[in-house]
Amino acid sequence: MRTGVWLVGARGSVATTSVVGALALRAGLTGPTGCVIELPELRGPAWPSFADLVFGGHDVATTPLAKRAEALADAGVVPARLVAALGEELAAVDDDVRPAPAGGTQADRAAAVVADLAAFAERHRLDRVVVVNVSATEPAARPHPGHADPDALAAALVAGEEALPPSSLYAYAAFTAGCPYVDFTPSTGARLPALAALAARHALPYAGHDGKTGETLLKSVLAPMFAMRHLAVRSWSGTNLLGGGDGATLAEPDANAAKVASKQRVLGEILGYVPQGDTRIDYVEELGDFKTAWDLVTFAGFLGTAMRMEFTWHGCDSALAAPLVLDLARITAAAHAAGRHGPLVDLAFFFKDPLDPGDASAARPAPDAGVAAGRAPSHALGEQWARLTAFAAALHAEAGPSPAGGAG
């Protein structure tokens, strides 16, 4: 199943690391550590192989992909030996990276994206293209009447109104072009009624949003522990320090607020109440692509005895995110091939703020996908894992026996 992966933000750190990783896996130069769907419980014939993936994308940046990869190697994000070995392959991918459309109306820019997607699919004889947003975090979208209805939205765009934030304009273009869409950012993306209806009109799946790679991943494991042991969490405070392009973007207050809201939601939904405390995100340029989080949890046990827990998480954002980007592109392609459409609620395992059936009344999960229709996804990692494995099993059963050599 030849699958295009169109990366919005194709020359950013996450996208570049994803491309380097996929090319290295295809060449047998590395193993799939971090790729969740390469675990035995999830591996199977439904996923397109790494050899079947073809990369392209849009970006406002003009630095060649190989140069971005060299900079990431210098920063310790990707191995320099891989960048050196994959120079020709990176240059070939770079040939499929296009300037992000600018100027004209939003209808003009959406049409340019649609044309680029169609040309990409035709050029490489692709069975389908999955659009994955890994661009900078946006502020929350401003309300617009067109957000409620796809036809009203199309009319507003043609009239020259700036009705959509960039992530949503890409979702609009993806659905118009017949492409599934994944939002790995906390930006609005496809989470508008008009876009959900447009996806339903074209029978397309979509997934999101905000990839879960660090502090929130730990919250989704630890918060259920407190809840299941009937311990009362009094406060949960966290400070996140990060550099790189994402850190610089999150230094802007509105983008920071959107990210913090996504990170905090998990506690209230797992515990059933919101403890005291906040999550802070601070930009420290010197940290580059690495991030550190310190969390302090205070809780009470039997007879009100006060206790506390502290933890530190230090990780490389792009190295944590990239294998999940590859997973999500492959899963979403398989879901599209199997006729799934609407929000892929079973992919909550990958996201801080996952989609649920309320994001689109037209969503139709398959009856054998291990999901009760209309049931919102849990934020607890264990429950999310169970739903993901059931979903994968259903897709693999429909795809038939695994070909020789496996998914890689």
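**Group meeting: a pocket, a strand and a phenylalanine**

By class, the lining of the second largest pocket comprises 13 nonpolar, five polar and one charged residues. Here Ala, Val, Leu, Ile, Met, Phe, Trp, Tyr, Cys and Pro count as nonpolar, Asp, Glu, Lys and Arg as charged, and the others, Gly among them, as polar.

Before going on: this is a predicted model, where local features need pLDDT of at least 70 and side-chain atom pairs count only at pLDDT 80 or more, while totals for chains, interfaces and linings use all residues. Residues are numbered from 1 along each chain as its sequence is written, and side-chain values use heavy atoms, with hydrogens and water left out.

Back to the pocket. Its volume is about 330 Å³. Of its 19 lining residues, Thr17, Gly21, Thr30, Gly31 and Thr33 are the closest to the centre. A pocket, on a 1 Å grid over the protein atoms alone, is an open set of points where a 1.4 Å probe fits, with protein on both sides within 12 Å along at least five of seven lines; lining residues have an atom within 4 Å of a point. The volume is the space filled by probe spheres set on the points, which are joined across faces, edges and corners.

Which helix gives the most to this lining? That is α1, with five residues. Helices α1 (13-26), α3 (80-85) and α12 (317-337) each supply at least two. Helices (H or I, at least four residues) and strands (E, at least two) are DSSP runs, numbered from the N terminus.

Next, strand β1, residues 3-8. Six of its six residues are buried, meaning under 20% relative accessible area with a 1.4 Å probe, protein chains only. Thr3, Val5 and Leu7 lie on one side, and Gly4, Trp6 and Val8 on the other. β1 pairs in the parallel sense with β2 (residues 53-59) over six bridges; pairing requires at least two DSSP bridges. The chain passes from β1 through α1 to β2 in a right-handed β-α-β crossover: with the strands pointing away from the viewer, the path from the first strand over the helix to the second runs clockwise. β1 also pairs in the parallel sense with β4 (residues 128-133), over six bridges, and there the partner of leucine 7 is valine 132.

Last, phenylalanine 175, in helix α7 (residues 166-176). Is this residue buried or exposed? Phenylalanine 175 is buried, because its relative accessible area is 0%. Leaving out residues up to four places away in sequence, its contacts (heavy atoms within 4.5 Å) include Leu195, His202 and Tyr206. Tyrosine 206 is 31 residues away in sequence and 9.3 Å away in space, C-alpha to C-alpha.

How values were computed: Buried means under 20% relative accessible area, exposed over 50%, partly exposed in between (1.4 Å probe, protein chains only).
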